[in-house]
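Let's take a friendly walk through the aromatic rings of this model. Have the structure open and follow along from ring to ring.

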Amino acid sequence: MNPEAKRLPPAKSVGVRQPLVDGVEKVTGAARYTADLAPRGALVGAILRSPVAHARIRGVDTSRARAMPGVRAVVTGEDCAIPYGVIPIAQNEFPLARDRVRYCGEPLAAVAADDAATAQAALAAIELDLEPLPAYFDAKSARAEGAVQLHEGKPGNLERAVEQTFGDVDGGFAKADLVREHAFHYAEVNHAMMEPNAAVAHWDAERGRLTLHSVTQVPYYVHLALARCLQLDESAIRVVKPFVGGGFGHRTETLNFEVIAGLLARAAGGTVRLELSREETFLTHRGRPETDVRMKIGLTKTGAITAIEAEVVQRGGAYAGYGLVTILYAGALLHAIYRVPASRYHGFRVYSNTPPNGAMRGHGSVDVRHAFETMLDTMAGELGLDPFAVRRANLIDAPHRTINDLQVNSCGLGECLDIVERRSGWRERRGKLPRGRGLGMACSHYVSGSAKPVHWTGEPHAVINLKLDFDGGITVLTGASDIGQGSSTLISQAVAEVLRLPMSRLTVFANDSVVTPKDNGSYSSRVSFMVGNAAIRAADEMKRVLVAAAARRLEVSPDDVEWNGEHCRVAGTDRELGYRDVVTEALRDAGTITVKGTWSTPPETQGGSFRGAAVGTSAGFSYAAEVVEVEVDEDTGMVRVVQVWVAHDCGRAINPLAVEGQVQGSVWMGMGQALCEETQYLDGLHVRANLLDYRMPTIVESPPIDTSIVEAPDPNGPFGAKEAGEGSLSAFLPALTNAIADAIGLRLDELPASPDRVLEAIVARRRAERVRRTAKAAAQEAD
């Protein structure tokens, strides 16, 4: 035994500010992303995209392209007759369009060639025969009487309509001392992650097997879609996720280029590299939909909510994708942050001739939270109440069951409010700042993973395998995708904490379907909660094996062994055994040891029995409160964020360093949507499909973010932890517009609050004031 081990305390991992385990590779450039993979002899893939937004496909003539030297494969919609989609009951998208194209930029054909120049020449040689059809670029025109159906069986181009009522809504409004209703509009926004899309596919013709490396957040979904579209047995497919440069929800679905890469590789009988440009990545989209919200709220004189009603219309794009989940989330997450005795929700997800929308950070909750929190602020002013008082009047006392059957087992929102109120100097400063300067606040929440998976198979929601071998190292095998959020580090910390070993003994191996266990993927902030719990259970099992081995060697009962990681001892004695000796004993006769940990959400957290009840359910909810300080230039409409104060209830900060980074990233992403981010189409053509025209905040616009961690442990969470990467986003938008209202007395009901919109609102107010003054003067003259 190492004599130093006696003097070292057991390793502590949870609650430690731990640098990410893959951080060195990222900052040194050693990390290999999908586009860095360059297999010898790989062909170059390229995609031909539709030049129009809606048309009937009368012909795709590829004969000239196929005849070109260096072209090894050409595929069209005729090569894949099976649709795919992330939701099993809403699969209506083809990797290459068949019969009709439904948005400008939709893939029509693809080629694999010896080099990029040949691939582009082949695309130019393909002749299209397209019959234009009426196109609809907003929800209103798509729903209009007489509009052409974009999909059969979807009258009014409604992908999904939702009607939900809980409690006595009309009675709730009747009891209210103040009822207000207002409409809001939100631009479509894109994930704009750093890494463009890419895939490398290899077809083993001798064995009939496909291997795909891709940028996915959910290798499992890609695996299923490849098997479906290429009509392969699932065992004939291997999916590997290399390093990923961000996802934010864009990559939770299988994307068309991933299936196209597989089709090309099989057709060419080899390896195909398919890299998308930034413009093509924008066209693949899956971002937050353009949304209209009509919100109605009733409050008592003390600020208590008596009833709410919301109507949400989302322009969902050309295909179903995550649409039915997004529109259900918008209604479900009206709840679980405040006590709501009665609610009515009308949701409409509408097809349009724009790129398909999907999941994006804060999925489904962001726009409705802005409307909700903005109205609470407005109504607080009418009632003469402080905005903080209104939120406190409606706080949830956990445990709490919402009227739409969401189970809340922990809630630290009250403490979040206390912290940001104090640290921002709210009481001392609000209403006392000079003209053009203002403070605003808001709250938000989010799920720690969906309590019911998309693919309900009866399998555990999360699985972790641990492997112990002769070297004493423990390999953590996981299918959970680390896309920059630090999940591999968190899993390591959880295992190390249970085993009381230093993290240097652990190695994480992730996301190779032939080696790692299946995982449901990195979406809805599920990994920390679900995979973290599975890691704890796997570590408990490994600890049981090691303690049993130590007991055999020491000839005592396992109950008498005190486990301290690098060494253990017999309780009440000085008889000790070092970790390596324990490992040697454990491997005797058995050899390499592999143990497993699994976890699934408790049944009571899986929601009610009404239609759509599964969406919004979670084993744990995070909470956040924010105060934003702004400076508004009334001559230019420019809004500058001076500072942000945010407090986030993550249950338990397993890695405070990562939690702070995730919270700050959420705030920053919320700032982008609130201030400047929006897509724009001209007759269906994306006119902001680059990082110059699609305006995002830079370091110049980034304010100081004062971040506080609140720990209200959740009984179901790993060490009490909940999500930390999405819940703080939604609060920023209303906190910003509430701060603008405090600064210049103007409430914005359309986002982003770009300088042109803010200036238009200021000018409109000035014009209205002049009209009022003129009318008043005329009335006085008449008297």
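Keep in mind as you look that the model is predicted. The count of aromatic pairs comes to 11.

One of these pairs brings together phenylalanine 166 and phenylalanine 610, whose ring centres are 5.1 Å apart. To find the two partners, look in distant parts of the chain: phenylalanine 166 belongs to strand β7 (residues 158-166), while phenylalanine 610 sits in the loop between β25 (593-599) and β26 (621-632). The two are 444 residues apart. Phenylalanine 610, at 26%, counts as partly exposed.

Next, turn to tyrosine 329 and tyrosine 446. Their ring centres lie 6.2 Å apart with the planes at 35 degrees, so this pair is tilted. Tyrosine 329 is part of helix α10 (residues 323-332) and tyrosine 446 is part of strand β18 (residues 437-447), so the pair ties together parts that are 117 residues apart in sequence. Both tyrosine 329 and tyrosine 446 are buried.

Finally, let's see where arginines meet rings. The charged end of arginine 369 is placed over the ring of phenylalanine 372, at 4.7 Å from its centre. Arginine 266 lies over the face of tryptophan 203, and here the distance to the ring centre is 6.0 Å.

Conventions:
Residues numbered from 1 in each chain as written. Predicted model: local features only at pLDDT ≥ 70, side-chain atom pairs only at ≥ 80, totals over all residues. Heavy atoms only, no water. Phe/Tyr/Trp six-rings, centres within 6.5 Å; stacked < 30°, edge-to-face > 60°. Helix = DSSP H or I, 4+ residues; strand = E, 2+ residues; numbered from the N terminus. Buried < 20%, exposed > 50% of the residue type's maximum accessible area, 1.4 Å probe, protein only. Lys NZ or Arg CZ within 6 Å of the ring centre and 35° of its normal.
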